[in-house]
Protein chains: 2
Amino acid sequence: MKLIRLYVAGSLLPDHSVMLNIGQSHYLTHVMRVREGDSIAVFNGHDGEWRAEVAAIAKKSVTLQLQECVAAQKNSPDLWLAFAPIKNKTYLVVEKAVELGVSALLAVYTRHAVVKSINREKLMAHAIEAAEQCERHDVPILEEHKDLSYLLAAWPKDRTLLYADESGGGTNLKVLLLPLPQGKYGILVGPEGGFSADEQQLLRLQPQVKAFGMGPRILRADTAAVAALACVQAWLGDWEEQPHYAST
Amino acid sequence: MKLIRLYVAGSLLPDHSVMLNIGQSHYLTHVMRVREGDSIAVFNGHDGEWRAEVAAIAKKSVTLQLQECVAAQKNSPDLWLAFAPIKNKTYLVVEKAVELGVSALLAVYTRHAVVKSINREKLMAHAIEAAEQCERHDVPILEEHKDLSYLLAAWPKDRTLLYADESGGGTNLKVLLLPLPQGKYGILVGPEGGFSADEQQLLRLQPQVKAFGMGPRILRADTAAVAALACVQAWLGDWEEQPHYAST
């Protein structure tokens with residue numbers, strides 16, 4: 001049986017204990033009904049995965065006693081997703097992006113965007129929950145960029161940015177991916193209404209940017225994000241690895 | 001500006017008229033507020049895409065007058081998706097699968113499935129809406145199979161079935177896809193709880209079946225379906241084609 005997994009703050013070291021926050025404590029005791037002595041799994045983004053025992057259940061906090069490191073730290077591939085938040089689907093995109101192993105989530109507000117803000121705290125909590133579920137050892141960072149020009153101005157020179165060009169001007173994603181070496185990449189997916197003409201031009205001027213297309217059907221923004229991530233991860237990511245439990 | 005697109009029954013021929021059903025009529029008049037003389041686009045799955053004019057708006061039905069064929073019929077790739085319906089996410093999977101161009105949606109009930117039935121009519125309506133939005137000229141068929149053994153017994157001998165093996169035993173999807181020729185394929189994705197041991201064994205006995213994996217992270221069933229479809233479509237499908245409007 002799989003253990004409950006929780007992302008925790010603080011270092012994971014032999015014989016240390018971890019005090020969970022009120023939300024996690026509530027989840028463990030009231031939702032999952034764990035008892036003292038039960039085992040759960042914890043990770044913090046850099047010390048690997050540990051087995052921990054529920055040592056004490058107080059009214060508002062659960063204390064865990066760390067037992068042993070069960071898997072060495074394994075970081076997700078260095079792949080960024082820049083996305084325009086979209087109505088009713090931002091959480092879906094973040095959840096799928098975490099499962100598909102992105103290392104950074106960059107929300108960017110574009111000209112035709114309908115959604116003009118995100119709730120960072122709630123979105124990050126959703127990302128952490130997805131990381132806990134999908135057995136990652138890390139949690140992506142989440143940043144906000146006030147418009148596309150800010151994102152591009154701050155974009156690292158050595159990181160290729162693949163953008164979903166819904167105007168049909170891009171290279172077929174397969175043809176684009178085939179010759180690319182492993183390295184630092186980001187994917188950019190626009191909002192429901194696509195990029196504006198000046199945003200398209202701005203993107204084309206950027207030397208690190210390559211436009212791609214995903215065939216004759218018009219994908220919704222959230223579908224485009226998940227589809228592009230899957231292809232890039234399959235081609236340049238870590239899909240040659242197996243799930244942790246498959247090797248044990 | 002893009003025209004409203006509707007999937008209609010009946011043949012599309014010059015000077016013919018089409019009477020819309022009550023749901024589509026309501027949508028056009030009350031949601032989209034079209035008027036007599038406005039143009040919309042229609043398709044029926046085999047006669048291509050046509051421009052039609054709103055000829056008459058009656059209380060419960062709108063009549064369209066067909067004007068001209070604007071695009072020759074283009075069928076989606078011959079790719080099937082067999083999926084175990086999953087809680088709260090079946091509509092999402094169907095919507096994404098339609099956008100990603102499947103030709104058949106095969107719901108199959110498996111041992112560990114939580115969801116034991118679908119509302120065929122509502123699900124088909126959702127598939128049609130997705131087809132209208134993504135600019136397909138066709139709508140996939142939707143079938144139900146009462147369990148995996150029935151699906152496999154009916155599976156065509158000349159169609160390869162790629163199944164998402166969440167136990168970690170499959171070939172990395174990229175490695176699997178690289179040498180495959182274009183042809184007839186299906187993808188099978190299990191339910192939240194995965195396949196049972198006897199279902200796994202049944203799958204392995206089938207000569208047309210190949211198991212694949214998608215890396216070290218555990219994908220939810222809906223993520224797995226979308227990710228696998230994207231990769232297979234990118235590799236063996238029609239992504240070398242452009243959206244229709246990009247070539248006009």
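What rotation, and what shift along its axis, superposes chain A on chain B? A rotation of 180 degrees does it, with 0.0 Å of shift along the axis and an RMSD of 0.0 Å. The two copies are therefore related as by a two-fold rotation axis. Please keep in mind that this is a predicted model.

**Confidence**
- For the complex, the predictor reports an ipTM of 0.95 and a pTM of 0.95.
- Within chain A, the average pLDDT is 94, and 98% of the residues score at least 70.

**Where chain A meets chain B**
- The contact draws 38 residues from chain A and 38 residues from chain B.
- Both copies use the same surface, as 100% of the contact residues of chain A recur in chain B.
- If you want to find this side of chain A in the structure, look at helices α2 (90-99), α5 (173-177) and α7 (221-236), each of which supplies at least two of its residues.
- Helix α7(A) gives the largest share of the side that touches chain B, with eight residues.
- By residue type, this side of chain A splits into 17 nonpolar, 11 polar and 10 charged residues.

**The two domains of chain A**
- The domain assignment places domain 1 of chain A at 5-71 and domain 2 of chain A at 79-236.
- Seven residues from domain 1 of chain A and seven residues from domain 2 of chain A make up the contact between them.
- On the domain 1 side of that contact, strand β1 (residues 5-7) of chain A brings the largest share, three residues.
- The residues on this side of domain 1 of chain A comprise three nonpolar, two polar and two charged.

**A strand pair in chain B**
- Over in chain B, strand β7 (residues 104-108) and strand β8 (residues 141-145) pair in the parallel sense over five bridges.

Key:
Residues are numbered from 1 along each chain as its sequence is written. Chains are lettered from A and ligands numbered from 1 in the order in which they are written. This is a predicted model: local features need pLDDT of at least 70, side-chain atom pairs count only at pLDDT 80 or more; totals for chains, interfaces and linings use all residues. Domain bounds come from an automatic or database domain assignment. Two residues are in contact if their C-beta atoms, placed from the backbone, lie within 7 Å. Helices (H or I, at least four residues) and strands (E, at least two) are DSSP runs, numbered from the N terminus. Ala, Val, Leu, Ile, Met, Phe, Trp, Tyr, Cys and Pro count as nonpolar, Asp, Glu, Lys and Arg as charged, and the others, Gly among them, as polar. pLDDT is the predictor's confidence in each residue, from 0 to 100. Copies are superposed by least squares on the C-alpha atoms of residues with pLDDT of at least 70 in both. Two strands pair if DSSP finds at least two bridges between them.
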